Amino acid sequence: MKFLLVRERPCNVDAWRSSAGDPLRELVHDCGLSVVPMAGSGMIMAGRVLANVDDVHDVLGREAAGALLAEIGNPSARRHVEQLIHSDLATEPDRTTVAYGLDNYLMNDPAYMSLYAIDGGNEQLVTALAARIRATRRLRHTVTRIARSADGRLRVTATHAAGMHDDVFDAVVLALPVDHLRRVEFGGPRAAAAMARHIAHHDHPAHYLRITMLFDSPFWKPRMSDSFAMLDSFGGCCLYDESSRVPEATHGALGWLLGGTAAEEMSRLDDEELLAAALDSLPASIGPARRHSLEGHVHRWKGAVSAMPGGLVPRRLDDRHRPEPVEHPGLFVVGDYLFDSTLNGVLDSAEYVAGWLNDLFDSTHGVAR
């Protein structure tokens, strides 16, 4: 039986749920990787780290501190809470559901969940999984069309530097963001209509912009000792101490994760402008950032994540993953946008489709279990 997996890039999410029976944590362990805990309780505002109500009192005043414990009427307190909530959200609060926004915020509360990263960086998981896969991998190929062939299988047309070619597969798994799905033509009225409905239901684009900089030392310690903090710049963003993922690191690395409208608008700037803006956002109180900076990189994920995972009204799991099961039973979609826009959600989605593929293989080859 012949399968094809079409994907764009692995998700890059820094906070994962860690609990008993967590399949992703088990996968990390099975790959022989170790993890390091992550924690962050502070927000950098007005050039100071606010880790608790006492800090809010010292920096924003007694009235603002009191407003955080009652109704938020004080402008400074309201701004603090708004930016705290927005700091890791890939969209604006009015474009998502209350449940998703609340879950995104509660990820910062250790009583709700614990956070961890892979020792050496989350990319270690991608490398470990790639080493396990025995398959033909075709990089820099763009799938342009998928259609049902005369024998009921799926014909995939792809373009690449050498031209265009077709392949026929028993099953095709599309692990693409919604924005990339719409660029694929689906042959036949049933498939085209089903995929159009699927895309429309999940068409809630959200945006991330990642700025990462390398420094000759972690000069911000011990003034900023957590794995991450919220920053009152760019509408509220997350500032990660990337070097905390590497025990005994001699150099320092910081990552700014911008979300929503700020990420979308600032993506239009060139890399040098973004790197300069990131350095300017650091408060002078943590040290001379420009003096220690070595280099930086920018990643733009415009429209690549979902502001409303699962859609306004989530569908049954079968309907989410098999848009057209009548004439195209071997056509599947996988994505974090079907669950909760996390790596855990991607794994849940992939495991569900893997079960379907096992059933297809068994029915085709008459395997008894």
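Colleague: In which sense do strand 7 and strand 8 pair, and over how many bridges?
Modeller: Strand 7 covers residues 154-160 and strand 8 covers residues 163-169; strands here are DSSP runs of E with at least two residues, helices are runs of H or I with at least four, and both are numbered from the N terminus. Two strands count as paired if DSSP finds at least two bridges between them. This couple pairs in the antiparallel sense, and the number of bridges is seven.

Colleague: Before we go on, what kind of model is this?
Modeller: Residues are numbered from 1 along each chain as its sequence is written, and side-chain values use heavy atoms, leaving out hydrogens and water. Local features need pLDDT of at least 70, side-chain atom pairs count only at pLDDT 80 or more, and totals for chains, interfaces and linings use all residues, since the model is predicted.

Colleague: Okay, back to strand 7: which residue of strand 8 stands opposite V156?
Modeller: Going from strand 7 to strand 8, you pass through a hairpin with two residues in the link. Across from V156, on the strand 8 side, you find D167.

Colleague: What is the bridge partner of I146 in strand 10?
Modeller: Strand 10 is residues 185-186, and two bridges join it to strand 6, with the two running parallel. In strand 10, I146 is partnered by F186.

Colleague: R140 has a positive phi although it is not a glycine; is it buried or exposed?
Modeller: Its phi is about 60°, and you'll find R140 in the loop between helix 6 (123-132) and strand 6. Buried means under 20% relative accessible area, exposed over 50%, and partly exposed is in between, using a 1.4 Å probe and protein chains only. The relative accessible area of R140 is 77%, so this residue is exposed.

Colleague: Now S267: which residue's backbone oxygen does its side chain reach?
Modeller: S267 lies in the loop between helix 9 (260-266) and helix 10 (271-281), and at 12% relative accessibility it counts as buried. Contact means heavy atoms within 4.5 Å, and leaving aside neighbours within four places in sequence, S267 is in contact with L209 and R300. The backbone oxygen that its side chain reaches, at 2.6 Å, belongs to A263.

Colleague: How many disulfides are there?
Modeller: A disulfide is a pair of cysteine sulfur atoms within 2.5 Å. By that rule the count is zero.

Colleague: Why is C238 not bonded to C237?
Modeller: C237 is in no disulfide, and its nearest cysteine sulfur is that of C238. C237 is buried at a relative accessible area of 0%, and C238 counts as buried at 1%. The two sulfurs are too far apart for a bond, because the distance is 7.2 Å.

Colleague: Which residues do ring pairs link into a cluster?
Modeller: Rings of Phe, Tyr and Trp (its six-membered ring) pair if their centres lie within 6.5 Å; planes under 30 degrees apart are stacked, over 60 edge-to-face, and the rest tilted. The whole structure has five aromatic pairs; F215 and F219 are edge-to-face because their centres are 5.3 Å apart with planes at 70°, and F219 and W220 are edge-to-face too, with centres 5.0 Å apart and planes at 75°. F215 and F219 are both buried, and so is W220. The cluster linked by ring pairs is F215, F219 and W220.

Colleague: Finally, for the chain as a whole, what share of its residues is buried?
Modeller: The chain holds 13 helices and 16 strands. Among contacts with a separation of 6 or more, 68% are between residues 24 or more positions apart. Of the 369 residues, the buried share is 46%.

Notes:
A polar contact is a pair of N or O atoms within 3.5 Å; within protein, one must be able to donate a hydrogen and the other to accept it, and residues adjacent in sequence count only if both atoms are side-chain atoms.
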